[in-house]
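Colleague: Before I use these coordinates, I would like to go through the labels attached to them. Please put each value against its definition.

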Amino acid sequence: MNERISPEPELIKNIINSDNKQAEQIHKRKKLQRPVIVMGAFIICLFTAMPALAANVTSIYELMYLVSPSVAQSFLPVQKSCVSNGIEMEVISTYIHGKTAEIYITMKDLEGNRIDETIDLNDSYNLRIPFDSIAHCERIGYDKKTKTATFLISITNCENKEIDGHKLTFSVNEFLSHKKEYKDLLVRDNLSDVEEAIQTQKAELRGWSGKSSEAYIADSENVIVLTPSKPMKFPVQGIQLTGMGYLGGRFHVQTSVVNNLSKDNHGYFVLKDEKGNVVDSDYSVAFSNDSDKRERVDYDEYVFNIPRTEIHNYALYGDFVTSGMFTEGKWKVTFNLEKSEDHN
């Protein structure tokens with residue numbers, strides 16, 4: 001049986017006495033992946049056991065103790081890994097308590113600088129377990145010295161049963177990195193020249209959102225949107241401004257991204273008046289063109305219920321995120337879900 005994790009006393013002391021601000025940042029870690037429902041199924045287990053202690057285990061101890069010193073001592077080491085495309089994925093440790101499992105996993109670039117502090121698994125991770133569960137995976141740290149990113153996977157058994165005694169396979173097929181974020185970016189300060197849209201088209205939506213979306217979208221297969229135009233001047237590389245105009249008495253602004261499945265470039269717009277008051281869009285819609293051609297183009301269109309006679313009082317702002325690198329591989333590790341002796 002694996003032994004309970006026991007870091008050096010000096011390390012524990014240093015971590016517990018570390019800057020409170022750093023601990024607060026860890027607690028506010030950003031959730032990267034939306035929760036997923038996992039339908040369990042046994043598979044043949046394929047893994048490679050690491051014969052020696054991983055070099056980055058110390059940094060993982062630090063993260064564990066910053067999150068919860070008492071809980072950190074209950075994690076069991078796993079240390080199984082695989083390498084694909086020059087990048088190593090390692091399952092560091094697990095903490096099984098009741099119907100919940102928490103699992104620390106690292107990804108390390110052995111050949112280059114493809115992994116950074118913005119790494120995003122791009123919804124490509126998969127869990128295979130023999131029961132129905134709810135799970136999510138979040139990035140909780142990045143070590144620049146070792147080029148290693150750390151993720152925490154949390155799994156809850158939907159059948160309200162003990163989760164230990166099973167095997168789990170965690171796999172990842174791709175990730176995004178080298179992302180750029182643009183906050184409160186001024187897109188256009190003068191909207192007085194926005195005109196009625198001359199060209200429009202019907203679009204079959206692949207998604208929509210917003211406080212008034214249900215009121216305006218009765219038939220998602222026949223929504224009238226702006227006909228995309230030649231890209232206009234836009235301050236964010238990787239996102240194109242392809243439409244702006246009035247349609248049905250409302251202000252529409254449209255962006256597009258080419259081949260976005262390997263980028264996940266996105267954002268949203270707001271209007272601001274001269275006093276800084278913010279007006280959110282009433283709703284937004286998403287649709288695609290050329291999906292049957294080599295280059296798929298994804299469009300997002302934001303709609304504001306501001307009369308044309310008042311639009312000159314506002315400027316257009318937005319928040320945006322773009323990624324600079326897309327990496328593929330076949331990372332998969334199978335390991336046991338076991339309780340530590342303290343929780344038996």
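Colleague: Which residue stands opposite Phe170 in β9?

Modeller: In this predicted model, Leu127 is the residue opposite Phe170 of β9. Strands here are DSSP runs of E of at least two residues, and helices are runs of H or I of at least four, numbered from the N terminus.

Colleague: What makes β6 and β9 a pair?

Modeller: Two strands pair if DSSP finds at least two bridges between them. β6 and β9 have three bridges, in the antiparallel sense, so they pair by that definition.

Colleague: In what order do the strands of the open sheet run?

Modeller: The order is β6-β9-β21, with antiparallel pairing.

Colleague: Why are β6 and β21 called edge strands?

Modeller: β6 (126-128) and β21 each pair on one side only.

Colleague: Which residues touch the most other members of the largest nonpolar core?

Modeller: Ile155 and Phe170, in a core of 32 residues. A nonpolar core is a set of buried Ala, Val, Leu, Ile, Met, Phe, Trp, Tyr and Cys residues joined through side-chain atoms within 4.5 Å. The strands that each supply at least two residues of this core include β8 (148-157), β9 (167-177) and β21 (325-336). Apart from it lies another core of 22 residues, among them Val253 and Phe269.

Colleague: What is Phe170 in contact with, leaving aside neighbours within four places in sequence?

Modeller: Its partners include Leu127, Ile153, Trp331 and Phe335, where contact means heavy atoms within 4.5 Å.

Colleague: Why is Asn160 called exposed?

Modeller: Buried means under 20% relative accessible area, exposed over 50%, and partly exposed in between (1.4 Å probe, protein chains only). Asn160 has 57%, so it is exposed. Asn160 lies in the loop between β8 and β9 and has a positive phi of about 55 degrees although it is not a glycine.

Colleague: Where is confidence lowest?

Modeller: In strand β2 (residues 48-49), at a mean pLDDT of 32; pLDDT is the predictor's confidence in each residue, from 0 to 100. The protein averages 81. Over residues 11-55 pLDDT stays under 50. Where pLDDT is low, the predicted coordinates should not be read in detail.

Colleague: Which conventions apply?

Modeller: Residues are numbered from 1 along each chain as its sequence is written, and side-chain values use heavy atoms, leaving out hydrogens and water. Local features need pLDDT of at least 70 and side-chain atom pairs count only at pLDDT 80 or more, while totals for chains, interfaces and linings use all residues.
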